Every structure is written in C-alpha cells, then in structure tokens.
Amino acid sequence: MIIYQTQEQWDNFGQKLCQIFDTEFKSSPAPEPIYIDKVIQSAFNGLNHTEESKELIRQANIGEKNPLFGIKGKNHHLYGTKGPMLGMFGENHPMYGFKMSEHSKELIKQANIGQKNPMFGKKHPTIVCPHCNKSGAQNGMKRWHFNNCRLNKLTQK
Ligand SMILES: [Zn+2]
C-alpha cells in the first residue's frame, strides 16, 4: 500500500493520473488501455491468498514485527490528520472536475464483470447485531446495525 504523507505527493499523484487519462483516453479515437491494464494486473489478478499464505503474512506482521508496532501519538505518520484525504473534497480534491470517459468505464466494467468479480459465487456471511438481535448479510448489517444500530443510539442517550 502506498501512503501519501505530504500534500505535495498527493497532488503529484492526482496530476499524474489526470495527465495519463487525458493523453490515453481523451485525445485518440481508439486509445490503448495502457494504464487501466496495469492497474488491473497489479490488483492481484483476481487471485486469492491460500489460508496457508494468509497465515504466513499474518505471522510476518504480527506484534513487534509490525512496522507500526509501538508507534503512537506524534510519532505516527497520520498524527494530527485523519488520513491523506482529510478535507479533500470539492475543488480541493485532486480528481475534481475529472470525468472518466465511457471507454475507461467500459474497461473497468469488463475487468470486474461475472467471474472476474471478487464476490463472484460468494455470499456475505450472516451476522447478528448485538443491540437488536437482527441477523443479516454482513455488508448491510455493518452499515445499519452494530455501532449504527438504532437501539444502540437510544441506549446511549
Ligand atoms: Zn441492530
């Protein structure tokens, strides 16, 4: 994962992206999908780690071996911010005014459709809200229940 630590790095990234899309997708009538292809290939190509390799990754990053182990407060690179995107909306957003071409949209669609979609043939696990005991699929339940549960808010007041 790339973490943009400064405003400048983030701006450069946004500008670069805009330039690439400008030149690759807007100017020529039948553009080569160079950039999109790279992004998709780098995104692990739709493969999953085996349980074994997941465990190896976990063991390699656990406790003291984690690069952020014991780094707290002012020493943390996100101290005082809430992340690299804090306050970046509207005109301040690096992608402000950017409109993706239909061609780019189509490429992204084709790369995530059907069997290529990471959720293909899978189901979100069913979980139960501890506040109202309602059960449901994880994606919706995490949004409307748990910390956001109506009953949870009522008991807090
Ligand atoms: Zn609930």
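**View 1. Helix α3, a hardly covered helix.** Helix α3 spans residues 51-61 and is hardly covered, for the count of buried residues among its 11 residues is 0. Here a residue is called buried if 20 or more other C-beta atoms lie within 10 Å of its own, exposed if 12 or fewer, and partly exposed in between, with C-beta atoms placed from the backbone. Helices (DSSP runs of H or I, at least four residues) and strands (runs of E, at least two) are numbered from the N terminus. After α3 comes Gly 63, which has a positive phi, near 55°.

**View 2. The whole chain, for orientation.** This is a predicted model, in which local features need pLDDT of at least 70 and side-chain atom pairs count only at pLDDT 80 or more, while totals for chains, interfaces and linings use all residues. Residues are numbered from 1 along each chain as its sequence is written. You can find 6 helices and 2 strands in the chain, and from the N terminus on they run α-α-α-α-β-β-α-α. Of the 157 residues in the chain, 4% are buried. Take the contacts (C-beta atoms, placed from the backbone, within 7 Å) between residues at least 6 apart in sequence: 40% of them join residues at least 24 apart.

**View 3. Confidence along the chain.** The predictor's confidence in each residue is its pLDDT, from 0 to 100. The chain has a mean pLDDT of 76, with 66% of its residues at 70 or more. Among the elements of the chain, the highest mean, 94, belongs to helix α4 (residues 102-112), and the lowest, 49, to helix α2 (residues 34-42). Over residues 30-34 the pLDDT is below 50, and this stretch has 6 contacts in the model beyond near neighbours in sequence.

**View 4. The loop between β1 and β2.** Look between β1 (126-128) and β2 (135-137) to find Asn 133. Its phi is positive, near 65°, although Asn 133 is a residue other than glycine. Most residues other than glycine have a negative phi. Asn 133 counts as exposed because 9 other C-beta atoms lie within 10 Å. The loop between β1 and β2 also holds Pro 130. Pro 130 is exposed too, because its count of other C-beta atoms within 10 Å is 11.

**View 5. The loop between α5 and α6.** Phe 146 sits in the loop between α5 and α6. Phe 146 is not a glycine, yet its phi is positive, about 55°. Because Phe 146 has 15 C-beta neighbours inside 10 Å, it is partly exposed. Asn 147 lies in the loop between α5 (138-144) and α6 (150-156). With 9 other C-beta atoms within 10 Å, Asn 147 is exposed.

View 6. Pro 130 and Asn 152 are 22 residues apart in sequence, with 9.0 Å from C-alpha to C-alpha.

Notes: Two residues are in contact if their C-beta atoms, placed from the backbone, lie within 7 Å.
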